[in-house]
Amino acid sequence: MIQAASSIWMDGDFVPWQEAQVHVLTHTLHYGLGVFEGIRCYQIDGGSAVFRLEEHVDRLFASAHIMQMTIPFSREETAAAILETIRVNSLKECYIRPIAFIGYGDMGLYVQDNPIHLVIAAWPWGTYLGEEGLRRGIRVMVSSFTRSHVNTIMTKAKACGAYINSQLAKREAVLHGYNEALLLDSEGYVSEGPGENIFIVRNGGLKTTPLTSILEGITRDSVMTLAGEAGIEIREERFTRDELYVSDEAFFVGTAAEVTPIREIDGRVIGAGEPGPVTRRIQSNYFDAVHGKSSDHPAWLTAL
């Protein structure tokens, strides 16, 4: 269950958590056309800070542009509202969910005059795949569901309806006793998780899927930057599921998942069956960055 906070920001006003409601005929509820973001706020020395706020807000607006939605607030107003939502709820660390959606009005697949709403909620939420997963790694299953083709659902938009694909993959994996799914693209190459990007380690270097058919992850970009600074070779290159099976290490990254090691895929142990040295180094450097323990990227943190 979500741990409720006190208020949710809705179209410029704060509404008590339990009163933040929409009509049952809200357009996005029926047809899935909406866009959202997942953002985290972390405790740092002397306070709290939002990790890569500007990049997340930019991606929200980019997603809306792709989906031909005009958010009725500016980027600056949205960023300010996110910070104020955290302050109003007196949160030190939290997950933040801005969502833009088409509201009540006309029905049908094409509507012109329905309002576009922007809502921002924030609440305490631990790592998505569990604290044990962070420490020991998780078990993953290659899904029977294929990641959507680039010409079916726009893969660069973080769109509500796109996550039906992710939910089917996740449900299948959990039903079969795994922690998470991994999807292949329409040509059979490794794509990404239901809500995460993936990295593998081979011969001391990192490899990750290129941006051809995946969401352009902000955590992914952060990890690539940190890896380069640590002197770790990194390549953006397609790879197959069997190359994944014989990798030395593998891990998922994402705002919700953070840096979660993978210890097993499809019943095959990855490496030594526990988080390896490269994964641990990336994980440590990432948490140092988000908690402000590293001074290398002050622009990544927006203090409250």
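User: Where is the place of N203?
Analyst: Quick housekeeping: this is a predicted model, in which local features need pLDDT of at least 70 and side-chain atom pairs count only at pLDDT 80 or more, while totals for chains, interfaces and linings use all residues. Numbering starts from 1 along each chain as its sequence is written, and side-chain values use heavy atoms, with hydrogens and water left out. Helices (DSSP runs of H or I, at least four residues) and strands (runs of E, at least two) are numbered from the N terminus. On that scheme, N203 sits in the loop between β11 (197-202) and β12 (205-208).

User: Is N203 buried or exposed?
Analyst: Buried means under 20% relative accessible area, exposed means over 50%, and partly exposed is in between, with a 1.4 Å probe and protein chains only. N203 comes out at 76% relative accessibility, so it counts as exposed.

User: What is the phi of N203 near?
Analyst: N203 is a residue other than glycine, yet its phi is positive. The value is near 55°.

User: And Q68, what is its phi about?
Analyst: Q68 is in the loop between α2 (53-66) and α3 (75-88). At 76% relative accessibility, Q68 counts as exposed. Q68 isn't a glycine either, but its phi is positive, at about 60°.

User: How many Å apart are the mean positions of the positive and negative charges?
Analyst: Lys and Arg count as positive and Asp and Glu as negative, with His and the chain ends not counted. Each charge is placed at NZ of Lys, CZ of Arg, CG of Asp or CD of Glu. With 26 positive and 38 negative charges in the chain, the mean positions are apart by 6 Å.

User: Which backbone oxygen does the side chain of N114 reach?
Analyst: N114 lies in the loop between β6 (94-102) and β7 (116-123), and it is buried because its relative accessible area is 9%. A polar contact is a pair of N or O atoms within 3.5 Å; within protein, one must be able to donate a hydrogen and the other to accept it, and residues adjacent in sequence count only if both atoms are side-chain atoms. The N114 side chain also has a polar atom 2.8 Å from the backbone nitrogen of D106. The oxygen it reaches, at 2.9 Å, is that of G103.

User: Which residues does T240 touch, not counting residues up to four places away in sequence?
Analyst: T240 sits in the loop between β13 (234-236) and α7 (241-245). Its relative accessible area is 29%, so T240 is partly exposed. With those sequence neighbours left out, its partners are Y189 and V190.

User: How far is D296 from Y163, C-alpha to C-alpha?
Analyst: D296 is in the loop between α8 (277-290) and β17 (301-303). It is exposed, because its relative accessible area is 54%. D296 and Y163 are 133 residues apart along the chain, and their C-alpha atoms are separated by 34 Å.

Note on methods: Contact = heavy atoms within 4.5 Å.
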